[in-house]
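Q: Could you show me how to read the features of a protein structure, taking them one at a time? I would like to hear the general idea first and then the case at hand.

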Amino acid sequence: MRKTQAYHFNTEVWSVARVGVFHWKKWPDSDAVILYFSGNGDTHLLTYLGYLILEELRKSPKTQPELIQVLTALIKNPDEVLPFPTEMVKAHLFHLKKIGLVVS
Amino acid sequence: MTRLNQISYDNFEDAIRSSGIRLRTGPFTTNLSTKLRDVIHNLYLLYADHTVSIEPGFSDFHLKIHQPSFFRRWYHPQVNFSFDGLTPFNPLPRPQAYAIFEWGLNWCISNYSHQYLMLHSAVLEKNGHAVIFPGAPGAGKSTLCAALSLSEWRLFSDEVALIEPVSNNLVSNPRPISLKNKSIEIIKAFSGEAIIGKTIYDTSKGTIAHMQPPVESVHRSNEKAKPKIIAFPKFIPGAKKSLIPLTKGEAFIKLCENAFNYSTLGLKGFDMMSELIDQCDCYQFEYSDLNDAIDTFNSIVPQKPL
């Protein structure tokens with residue numbers, strides 16, 4: 001059962017909600033990002049990772065492995081020895097789906 | 001228009017009992033008529049320095065404070081608030097007549113002034129810099145607002161921050177400050193200069209009384225100010241004062257929760273809110289002592305006038 005779920009998550013294609021435009025407010029010294037989504041008029045406080053995920057999915061729909069590959073390249077730090085936070089991406093995707101910003 | 005204190009009480013009473021008076025508060029003109037003596041008396045005291053006209057003319061809001069029916073004048077007397085001939089609220093007990101006027105005017109402004117971004121906040125100004133105090137009822141913003149306005153700060157509003165588009169300036173709308181429960185005695189003890197109207201008991205907010213806005217604030221109500229500080233106040237009995245910086249993102253979301261028309265304005269609201277947050281230092285402020293609170297804001301507001 002667990003294997004089936006993992007397989008499903010890896011092949012599931014994620015994309016941004018179809019109707020609406022993302023308007024961002026960022027500050028140079030802050031990890032928090034504000035999003036105004038014109039699709040439903042809601043405003044959200046997101047992390048910078050949430051911002052990157054939405055921007056990448058806006059460019060084109062992606063599976064989770066594809067998304068992680070792009071994000072790894074984007075936020076690659078030569079001094080970073082820790083593995084990329086895959087679980088965090090997964091959690092973000094579920095959260096963004098729950099608040100109606102992405103679909104799968 | 002003339003300052004209310006330059007019109008005799010009798011002339012004022014005659015006018016407000018017949019066709020109504022036009023009361024100017026900040027950018028708004030309200031036509032008000034009532035036959036209720038306690039309302040007339042409180043208005044004459046609390047709006048003494050505002051400009052009024054007893055001649056007919058343009059008004060933004062047409063309000064009437066009146067008793068609903070002959071029967072209800074005698075049996076559990078009630079009072080009604082009419083706006084442009086409609087009665088948007090259920091009647092209240094007759095002794096709350098003045099309160100229904102103040103609440104009703106707040107309602108008119110917050111529902112019909114979408115030319116501004118409106119926040120549920122007190123606003124005060126010093127040296128040309130405005131401080132916005134957003135807060136839910138009971139957070140202690142009106143008490144703090146009253147104390148600051150009695151300590152050489154200019155009152156803009158104790159209820160609604162009006163933010164102009166494009167310039168993002170705050171527009172002044174000084175009106176009587178609504179004090180609730182213990183705050184009434186706290187402010188009386190804080191300053192002998194506080195002029196406080198009739199106490200109204202058993203309202204939905206408890207006991208309330210209104211404090212007359214300082215004369216200078218009323219006389220300078222056409223002067224706008226730049227927003228500089230946003231502080232979310234919280235009165236905690238016995239607490240030591242603490243001024244904790246908020247991140248811009250946290251402040252943005254908290255401010256949205258305190259906005260009257262952020263959603264109504266859509267993308268324009270988002271852009272205005274973004275500019276407002278950019279311009280301001282944002283804090284969470286906890287206090288229990290008014291003098292401490294005043295010292296805090298005296299020390300963080302820029303001393304250099306704009």
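Q: How do the residues that line the largest cavity divide into nonpolar, polar and charged?
A: This is a predicted model, and in it the lining of the largest cavity divides into four nonpolar, five polar and four charged residues.

Q: How does one find such a space, and what is the volume of the largest cavity?
A: Rolling a probe the size of a water molecule over the atoms shows where empty space is left. Here a search of the whole structure finds one cavity of 30 Å³ or more, and the volume of the largest cavity is about 120 Å³.

Q: Which residues lie nearest the centre of the largest cavity, and which helix gives the most to its lining?
A: The lining is made by 13 residues, and those nearest the centre are B:Asn106, B:Asp158, B:Glu159, B:Arg175 and B:Pro176. Helix 3 of chain B, which covers residues 97–112, gives the most to this lining, with four residues.

Q: What is the volume of the largest pocket, and which residues are closest to its centre?
A: The largest pocket has a volume of about 610 Å³. It is lined by 28 residues, and B:Pro137, B:Gly138, B:Ala139, B:Gly140 and B:Lys180 are the closest to its centre. The elements of chain B that give two or more residues to this lining are helix 3, helix 4 (141–149), strand 13 (177–180) and helix 5 (182–190), and the largest share, four residues, comes from helix 3. Sorted by class, the lining of the largest pocket has twelve nonpolar, eleven polar and five charged residues.

Q: Now I would like to turn to the interface: how much area is buried between chain A and chain B?
A: The size of an interface is often given as the accessible area lost when the parts come together. Between chain A and chain B about 1000 Å² is buried, and carbon and sulfur atoms give 75% of this area. On the side of chain A, the three residues A:Lys25, A:Trp27 and A:Tyr36 supply 49% of the area that this chain buries against chain B, more than any other three residues. The contact takes ten residues from chain A and 13 residues from chain B.

Q: How many salt bridges are counted between chain A and chain B, and which side chains meet there?
A: Side chains of opposite charge can pair when their charged atoms come close. The count between the two chains is one salt bridge, in which the side chains of A:Lys25 and B:Asp278 meet at 2.6 Å, N to O. The side of chain A that touches chain B draws at least two residues from each of strand 2 (22–26), strand 3 (32–37) and strand 4 (42–47), and by class its residues are six nonpolar, three polar and one charged. Across this interface there are also four residue pairs in polar contact.

Q: How many salt bridges does the structure hold over all chains, and where do A:Glu55 and A:Arg58 lie?
A: Over all chains the structure holds 13 salt bridges. In one of them the side chains of A:Glu55 and A:Arg58 meet at 3.0 Å, N to O. Both residues lie in helix 2 of chain A (residues 48–59), three residues apart, which is about one turn of the helix.

Notes: Residues numbered from 1 in each chain as written. Chains lettered and ligands numbered in written order. Predicted model: local features only at pLDDT ≥ 70, side-chain atom pairs only at ≥ 80, totals over all residues. Heavy atoms only, no water. Contact = heavy atoms within 4.5 Å. Buried area = accessible area lost by both parts, 1.4 Å probe. Salt bridge = Lys/Arg side-chain N within 4 Å of Asp/Glu carboxyl O. Polar contact = N/O pair within 3.5 Å; in protein donor to acceptor, adjacent residues only side chain to side chain. Nonpolar A, V, L, I, M, F, W, Y, C, P; charged D, E, K, R; others polar. 1 Å grid on protein atoms, 1.4 Å probe; cavity = no way out; pocket = protein on both sides within 12 Å on 5 of 7 lines; lining within 4 Å. Points joined across faces, edges and corners; volume = space filled by probe spheres on them.
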